[in-house]
Amino acid sequence: MSVLFQPVTVGGLRLRNRFVRSATQDYLGNPDGSVSDRQVALYRELAAGGVGLIVSGHVYVAHPLGRASVNQNAIHDDRFVDGIRRLAEAAHAEGAALVLQISHAGRQTPQDWPEGQVPVAPSAVREGGTGRSPRALTEEEIWSLIDAFAAAMGRARAAGCDGVQLHVAHGYLLSAFLSPYTNRRTDAWGGSLENRCRILREILARGRRAVGEAYPVLVKLNSTDGFPGENVLSQSDVTAAACLLAGWGVSAIEVSGGHREARGVMSRPKVLSPEQEAYFAEAARAVKAAAGVPVILVGGLRSRAVMERVVTDGSADLVALSRPLVCEPDLVNRLRAGQAKAACVSCNACFNPDGLRCWRLSVRIPPPGRLGPVIERYPGSHDETDGAEREAAAGTTAPVVTDEGTKGPT
Ligand SMILES: Cc1cc2nc3c(=O)[nH]c(=O)nc-3n(C[C@H](O)[C@H](O)[C@H](O)COP(=O)(O)O)c2cc1C
Ligand code: SF4
């Protein structure tokens, strides 16, 4: 049996295989942040599709400034626990585990709300996407956010989640502390790498009091800011941060990259050949070699051969997929049945605040067990893309490429 389908243990958590659904904001929560019936159905479908571990879309820990997008799930209050429990039960019913990804939007709080409030961040560094400058957090506010993260960890456990994942990637608050580009503080929370990681150390210390020593705590870690410059996150920062996290008892590190204003770094468009796949593999290999904790690789994994290679060549222990499972929630079952690669063409049209859905769903994809996918023609009649994209799609068999974030932040 391929190594991909063999069980693996991460932080004491036994998983049926090495496939992870990487955190994917689905824009399907209720407007108040609670879990909707559609989300319960989605998580059940993903679990039935064969994935070993589902990481939830990022769930925000502090209201209102922690929220990153419409219909995002919340965990800033005990009233959200029952809904999250429904997600955990849906995953468990089909043999998958559920890890809750917790986050704070930081300087990437959307432009138009919350009304009259200024986003908060380590430092007042203008955000290119919104054109707005956040204000720097006070020391007292930092401690209050640490408590908010720790409380969210306790709620995840109370809801029956199998673990939590701190979102330290993609420009959100915790990764903004990590990067010297967004963290220009001169106090104990900025400057040296240890200071830029201090907020993580404190969250882990206080969070452990809420969840206990044995509870799986994962981190999704930025391996790059995604834009050039002198004062940006370096490879040595990343491996040193990974070593600190390992020393503080983190169970696994998922390696990603990019900020929202660094377009096309996190969810790279047009991943169409094996050479374009696994675009964070080198960073993952460095993290794995330095930190010695299980590493999850995300970013452009599309074909079974590449997924197998990154596990067998020591780049990663598990493989994580986001867009491919939007397109084919049962992709893991399909790969097991012999399908060679995902049908997703990395067009990024699924960044859709009206609700996560692959615009290619009307394309005929054969059932698992039959080799495929068969791409007949781009349909031009899906709901999610705008008119221009639909028109372009109707007349061509070439992929329609948009850039992440054009449909709204995640
Ligand atoms: C619609 C959408 C929503 C996403 N939401 C999140 C999120 O909530 N948290 C996160 O860490 N990454 C999020 N991501 C990034 C993915 O987890 C993943 O890192 C990235 O898309 C690259 O993997 P892929 O090539 O398998 O899609 C999202 C990606 C997409 C396409
Ligand atoms: S909309 Fe595009 S990127 Fe998203 S899942 Fe479908 S093919 Fe992949």
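Predicted model: local features only at pLDDT ≥ 70, side-chain atom pairs only at ≥ 80, totals over all residues.
Among contacts in this chain between residues at least 6 apart in sequence, 71% join residues at least 24 apart. The chain has 410 residues, and 56% of them count as buried. Its secondary structure consists of twelve helices and 13 strands.

Let me turn to one of these elements, helix 9, which spans residues 304-312. Which of its residues are buried? They are Arg304, Met307, Val310 and Val311. These four lie on the same side of helix 9, because they cover an arc of only 130° around the axis. On the other side of the helix, Ala305 and Thr312 are exposed.

I now come to the ligands. Ligand 1 is surrounded by 26 residues, and the closest are Ser22, Ala23, Ser267, Ser322 and Arg323. By class, this shell comprises 14 polar, ten nonpolar and two charged residues.

Around ligand 2 there are 13 residues. Which of them are the closest? Here the answer is a set of cysteines: Cys327, Cys344, Cys347, Cys350 and Cys358. The shell around ligand 2 contains nine nonpolar residues, with two polar and two charged ones.

Terms used
Residues numbered from 1 in each chain as written. Chains lettered and ligands numbered in written order. Near = placed C-beta within 6 Å. Nonpolar A, V, L, I, M, F, W, Y, C, P; charged D, E, K, R; others polar. Helix = DSSP H or I, 4+ residues; strand = E, 2+ residues; numbered from the N terminus. Buried ≥ 20, exposed ≤ 12 C-beta atoms within 10 Å, placed from the backbone. Contact = placed C-beta atoms within 7 Å. Arc of directions from axis to C-beta.
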